[in-house]
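User: I should like to learn how to read side-chain packing and helix geometry in a protein model. Could we work through one case together?

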Amino acid sequence: MSVELREEADGKVLILNLSGKLTKDDYAHFTPAVERAVKAHGKVRLLVRMHGFHGWTLGAVWADVKFDLHHFSHIERLALVGDTKWEAWMAMFCKPFTTAKVRYFDESKAEEASTWIHERVAHAERVASQPSTRLRPGPRRRIGTDSATPGRRPKRRRGGWRGHG
């Protein structure tokens with residue numbers, strides 16, 4: 001198996017090039033880089049290019065499940081680029097296991113995938129680096145209060161709530 005990992009946009013975008021059959025050791029190779037990027041940015045984007053990709057070994061399937069569960073909400077966008085029908089099916093299959101926006105691109109549209117994965121990354125980084133402006137807070141409201149006695153919870157009585165039975 002050949003796994004090549006490259007970082008772009010200051011580590012916010014991770015590009016994985018996969019070929020052959022993915023093994024458990026391959027996950028051990030790229031998972032720390034993903035975790036560093038998540039720690040630095042909160043959410044990351046993955047562009048996975050599959051060329052001559054033949055799937056996973058049994059150990060890699062388990063590593064993939066653990067990776068997906070651990071990073072369920074850490075991946076903002078996932079672009080899968082491949083050249084076979086089962087790779088397109090894989091993009092649909094993984095949607096329930098992540099909060100990421102997932103798209104499949106045919107190999108002929110690899111440039112479109114790269115554009116989509118990088119879309120608004122620079123803008124988001126600029127907004128995050130600007131100082132926040134604090135707004136004056138509005139009036140505080142207590143949840144579960146009785147309108148007849150503002151600021152106090154109604155007392156429970158034997159017959160039910162005050163005024164109701």
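User: How many aromatic pairs does the structure hold?

Analyst: The model is a predicted one. A pair of aromatic rings is described by the distance of the centres and the angle of the planes. The structure holds three aromatic pairs. In one of them, the ring centres of Y27 and F30 lie 5.0 Å apart and the planes meet at 45 degrees, so this pair is tilted. Y27 and F30 are both buried. F105 and W116 form another aromatic pair, also tilted, with 6.1 Å from centre to centre and 45 degrees between the planes.

User: Where do F105 and W116 lie in the secondary structure?

Analyst: F105 belongs to strand β5 (residues 101–106) and W116 to helix α4 (residues 110–118), so the pair ties together parts that are eleven residues apart in sequence. F105 and W116 are both buried.

User: How does the separation of Y27 and F30 relate to helix α1?

Analyst: Y27 and F30 are three residues apart in helix α1, which means that about one helical turn separates them.

User: What span should helix α1 have, and how far apart are its end C-alpha atoms?

Analyst: Helix α1 comprises 18 residues (residues 24–41), so at 1.5 Å a residue it should span 26 Å; the end C-alpha atoms are 26 Å apart, in agreement. After the helix comes G42, whose phi is positive, near 85 degrees.

User: Which residues of α1 are buried?

Analyst: The buried residues of α1 are D26, Y27, F30, T31, A33, V34, A37 and V38.

User: How many residues does the largest nonpolar core have, and which have the most contacts inside it?

Analyst: In soluble globular proteins, nonpolar side chains tend to be buried together. Here the largest nonpolar core has 24 residues, and V48 and L78 have the most contacts inside it. At least two residues of this core come from each of β2 (13–22), α1, β3 (44–56), α2 (58–70) and β4 (75–82).

User: Which residues is V48 in contact with, leaving aside its neighbours within four places in sequence?

Analyst: With those neighbours left aside, V48 is in contact with L16, L18, L78, A79, L80 and V81. A second, separate core has eleven residues, among them V13, A113, I117 and V121.

Key:
Residues numbered from 1 in each chain as written. Predicted model: local features only at pLDDT ≥ 70, side-chain atom pairs only at ≥ 80, totals over all residues. Heavy atoms only, no water. Helix = DSSP H or I, 4+ residues; strand = E, 2+ residues; numbered from the N terminus. Expected span 1.5 Å × (residues − 1). Buried < 20%, exposed > 50% of the residue type's maximum accessible area, 1.4 Å probe, protein only. Phe/Tyr/Trp six-rings, centres within 6.5 Å; stacked < 30°, edge-to-face > 60°. Core = buried A, V, L, I, M, F, W, Y, C linked by side-chain atoms within 4.5 Å. Contact = heavy atoms within 4.5 Å.
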